[in-house]
Amino acid sequence: MAEKKPAAPKAENKPQGGQVIALTAEKCVAEGCKSKPEKAQFCKEHFAWFKEGLLTLEGKKAKDFDKKYHAWLRRKAA
Ligand SMILES: [Zn+2]
């Protein structure tokens, strides 16, 4: 199979109203969180998670979330 990819870039206009990533989100971007964002696009708690590296900027859990989360809980309790 010889596939030829067009060299010219596609000049398509994406329709508005789809997924728009706004700088000021209406709710915390962490998965399943419905709190209002207080810092960046995170609520207070999830911003702390983000600072600890538990969450990515997109609100997804870090790869080693479990490990970091437990270490964080231990530090918080101390
Ligand atoms: Zn949150």
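Where is Q41 found relative to helix 1? Q41 is found in the segment before helix 1, where helices (H or I, at least four residues) and strands (E, at least two) are DSSP runs numbered from the N terminus. The model is predicted, and local features need pLDDT of at least 70, side-chain atom pairs count only at pLDDT 80 or more, and totals for chains, interfaces and linings use all residues. Residues are numbered from 1 along each chain as its sequence is written.

The chain contains 2 helices and 0 strands. Of its 78 residues, 14% count as buried. A residue is called buried if 20 or more other C-beta atoms lie within 10 Å of its own, exposed if 12 or fewer, and partly exposed in between, with C-beta atoms placed from the backbone. Two residues are in contact if their C-beta atoms, placed from the backbone, lie within 7 Å. Among contacts between residues at least 6 apart in sequence, 12% join residues at least 24 apart.

The largest nonpolar core has 9 residues, namely C28, V29, A30, F42, C43, W49, F50, L54 and L55. Such a core is a set of buried Ala, Val, Leu, Ile, Met, Phe, Trp, Tyr and Cys residues joined through C-beta atoms within 7 Å. F50, a member of this core, is in contact with F42 and L55 when its neighbours within four places in sequence are left aside.

Helix 1 spans residues 44-51, and H46, W49 and F50 are buried in it. Viewed down the axis of helix 1, the buried residues fall within an arc of 100°, so they line one face of the helix. The arc is that of the directions from the helix axis to the C-beta atoms. Just after helix 1, G53 adopts a positive phi of about 85°.

Q41 is buried because 22 other C-beta atoms lie within 10 Å. The C-alpha atoms of Q41 and A30 are 8.7 Å apart, and the two residues are 11 apart in sequence. A40 is partly exposed, with 16 other C-beta atoms within 10 Å. A40 is not a glycine, yet it has a positive phi of about 50°. Between the C-alpha atoms of A40 and L57, 17 residues apart along the chain, the separation is 9.2 Å.

L57 lies in the loop between helix 1 and helix 2. L57 is exposed, as 10 other C-beta atoms are within 10 Å. Apart from its neighbours within four places in sequence, K60 is in contact with E31 and L55. For K60 and E31, 29 residues apart in sequence, the C-alpha to C-alpha distance is 6.5 Å. L55, the other contact of K60, belongs to the largest nonpolar core.

Helix 2 (residues 65-77) has 13 residues and reaches 18 Å from its first C-alpha to its last. This is close to the 18 Å expected at 1.5 Å a residue, the expected span being 1.5 Å times one less than the number of residues. Helix 2 is hardly covered, and the count of buried residues among its 13 residues is 0.
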